[in-house]
Structures are given as C-alpha cells and as structure tokens.
Amino acid sequence: MKKWKRGFLIVCYFSIFCFLLVMSGCVSREAYLQKSSAGQVGCPANSITIEDIETMLGTVSGWTAKCEGKTFICSSMTSGIVCKESLKKGKTSSKK
C-alpha cells in the first residue's frame with residue numbers, strides 16, 4: 001500500500017475515534033449536570049431535569065435545573081456550582 005494511502009487511513013481512523021470520544025462525553029453531560037445540581041437544589045439527581053444548557057468556549061457555563069415543580073438557575077464558576085431558585089410571580093429566591 002502506498003504511504004499516502006496508509007497515512008490517509010490512519011487520519012480517518014483517528015478522526016472517527018475522536019468523534020466517538022467527543023460524542024460519549026456529550027451523552028453524559030446531562031447526567032453530570034444532574035449530579036452537580038443535586039446538592040445545590042436539594043433533589044435527588046435522577047429527579048432533576050436539565051434544560052437550557054449554555055456554553056462558553058466549549059465549556060458549560062449555565063443551565064436550568066427543574067425538580068418538584070421548582071426551577072433553579074445554575075452556573076459553573078471557578079469556586080464551584082451555584083444554583084438559585086428562579087424568581088417567579090414576585091417570589092423571592094431562596095438559598096438551598
């Protein structure tokens with residue numbers, strides 16, 4: 001086999017491997033956010049619904065966590081995960 005064909009095949013296989021590796025990380029992103037939010041919102045991870053995931057430079061920077069009829073606005077900061085209950089209909093936020 002010619003050298004350029006062999007090199008091309010190596011690049012193709014490597015690209016497919018990288019794509020599969022990245023996709024496996026995307027599948028578990030919601031599970032990671034559910035677990036990260038659980039301690040902040042006071043609900044078990046499996047009862048939390050994650051929505052509105054925001055990214056900045058490829059990294060998750062914010063998301064909405066919902067559980068037991070409540071909505072929490074969460075963000076990832078250098079000091080850790082912070083979630084606050086969303087303000088609705090004049091209610092004040094409560095720290096969890």
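A salt bridge here is a side-chain nitrogen of Lys or Arg within 4 Å of a carboxyl oxygen of Asp or Glu. By that rule, the count for this structure comes to one salt bridge. The model is a predicted one, so to speak of a local feature takes a pLDDT of at least 70, side-chain atom pairs count only at pLDDT 80 or more, and totals for chains, interfaces and linings use all residues. Residues are numbered from 1 along each chain as its sequence is written, and side-chain values use heavy atoms, with hydrogens and water left out.

Helices (H or I, at least four residues) and strands (E, at least two) are DSSP runs, numbered from the N terminus. How open to the outside are the two partners? E51 is partly exposed, at a relative accessible area of 30%, and K66 is partly exposed too, at 32%. On this scale buried means under 20% relative accessible area, exposed means over 50%, and partly exposed lies in between (1.4 Å probe, protein chains only).

Now for the sheet. Two strands pair if DSSP finds at least two bridges between them, and β1 and β2, which run antiparallel, are joined by six. In that pairing, E51 has T64 of β2 as its bridge partner. The two strands make a hairpin with two residues between them, and L57 in the turn has a positive phi of about 55°. Zooming out, four strands build an open sheet in the order β1-β2-β3-β4, with antiparallel pairing. β1 and β4 (80-85) stand at the edges with a single partner strand each, so one side of each has no neighbour in the sheet. Direction ignored, neighbouring strands of the sheet are turned by 20° against each other on average.

Helix α2 (residues 29-41) lies across β1, β2, β3 (70-77) and β4, and runs at about 105° to β1. Axes are lines fitted to C-alpha atoms, for helices over the stretch in contact, and angles run from 0 to 180 degrees between N-to-C directions. Contact means heavy atoms within 4.5 Å.

What holds the inside together on the nonpolar side? A nonpolar core is a set of buried Ala, Val, Leu, Ile, Met, Phe, Trp, Tyr and Cys residues joined through side-chain atoms within 4.5 Å. The largest one has 14 residues, and V41, I48, W63, A65 and F72 have the most contacts inside it. At least two residues come from each of α2, β2, β3 and β4, and β2 gives the most, with four. Leaving out residues up to four places away in sequence, W63 touches a list of residues including L33, S37, I50, F72 and I81.

T71 sits in strand β3 and counts as buried, at 11% relative accessibility. V82, in strand β4, is partly exposed at 28%. V82 and Q40 are 42 residues apart in sequence, yet 6.8 Å apart in space, C-alpha to C-alpha.
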